[in-house]
Amino acid sequence: MADNPRVHPSTEDVEKNAGKYENEKPSSPLVAMSEKYGVYPPSRDQMRVQFPKDQVMRTRQIPGYYSRPAKRRNSCCRCLCYTIFFLFVLVAIIAIASGILYLVIQPKMPKYSVDSIRISNFSINADLTTNCQFAVNVTAQNPNKKIGIYYLDNSYLAVSYSGTEVCTGALPVFYQGHKNTTLLDVALSGTGARLTSAVVSTLKEQQQKGSIPLNLEAGVPVKIKLGKLKSMNIKVRVQWDLVVDRLDGNAKVTTENSKVSVKL
């Protein structure tokens, strides 16, 4: 196939027609479609660069987060502050009322002591079990001026030797008035408590020395009476560490240490 010949204007034609267009007014430039729709071509100082679509990086859309209105947040904080303030005031009122009530009533812990102990029987069988009968005189003192004490049922009094409970009994049910001292005679008995041979040997040595340690423990449910009001059940626990000189009817208490605790 023959190549198409290229036609170039000669220099003579250009010079010949040069004067033909000197007197003509320049026509207005054509308006591009982009200008018509509000898109203008770049100016002389600007340069437009086009990239292939596969090389254009798209911007990531960052999701928006919903935030609660400030008014609602402020109302919640205000409500929380009011609640804390109310609780603080309530605790302060209760503390002040308790302090005033304590100063008016001036409650005191009751006192308990063991006056005497009579041992009618304390024998050890061949199988190292014991048979015991005790009678304990306990003094209960209520030093309060405006508080009465109800001693309820299901109380107990136990005697132990070397950690082994040998006999038990119960305190009577009664009401103790203001500034009152009551003498209690409690009978205790027990059989079948087993001792070890080492404990029996130690007991014989202590009998020869005339110093036998015994432990007494009492648990009494009580109610407090203040005027016409009665409290809930309160558990009073008393412990005595005694030392007696012998284990018979002529036994005497030589040393006594007591401890009183209260459990609601």
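Trainee: Which residues lie nearest the centre of the largest pocket, and how many line it?

Mentor: On a 1 Å grid over the protein atoms alone, a pocket is an open set of points with protein on both sides within 12 Å along at least five of seven lines, and a lining residue has an atom within 4 Å of a point. Here 23 residues line the largest pocket, and Pro 107, Lys 108, Ile 147, Ile 224 and Ile 234 lie nearest its centre. The elements that give two or more residues to this lining are α3 (70–105), β3 (148–151), β8 (212–226), β9 (229–230) and β10 (234–244). Helices (H or I, at least four residues) and strands (E, at least two) are DSSP runs, numbered from the N terminus.

This is a predicted model, in which local features need pLDDT of at least 70 and side-chain atom pairs count only at pLDDT 80 or more, while totals for chains, interfaces and linings use all residues. Residues are numbered from 1 along each chain as its sequence is written, and side-chain values use heavy atoms, with hydrogens and water left out.

Trainee: What is the volume of the largest pocket, and how do its lining residues divide by class?

Mentor: Grid points are joined across faces, edges and corners, and a volume is the space filled by probe spheres set on the points. For the largest pocket the volume is about 430 Å³. Ala, Val, Leu, Ile, Met, Phe, Trp, Tyr, Cys and Pro count as nonpolar, Asp, Glu, Lys and Arg as charged, and the others, Gly among them, as polar. The pocket lining has 17 nonpolar, three polar and three charged residues.

Trainee: Which residues line the largest cavity?

Mentor: A cavity is a set of grid points where a 1.4 Å probe fits but cannot get out. The count comes to one cavity of 30 Å³ or more, and the volume of the largest is about 40 Å³. Its lining consists of Tyr 112, Val 138, Tyr 151, Leu 171, Ala 218, Val 220, Val 236, Val 238 and Trp 240. By class, that is nine nonpolar, no polar and no charged residues. Strand β10 gives the most to this lining, with three residues.

Trainee: Which residue takes a positive phi in the hairpin of β8 and β9?

Mentor: Gly 227 does, with phi near 65°, and the hairpin has two residues between the strands. In the hairpin of β4 and β5, which also has two residues between the strands, Ser 162 takes a positive phi near 55°.

Trainee: Is Thr 130 buried or exposed?

Mentor: Buried means under 20% relative accessible area, exposed over 50%, and partly exposed in between, with a 1.4 Å probe and protein chains only. Thr 130 is found in strand β2 (residues 129–142) and is buried, with a relative accessible area of 0%. Of the 264 residues of the protein chain, 25% count as buried.

Definitions and conventions. Pairing = 2+ DSSP bridges.
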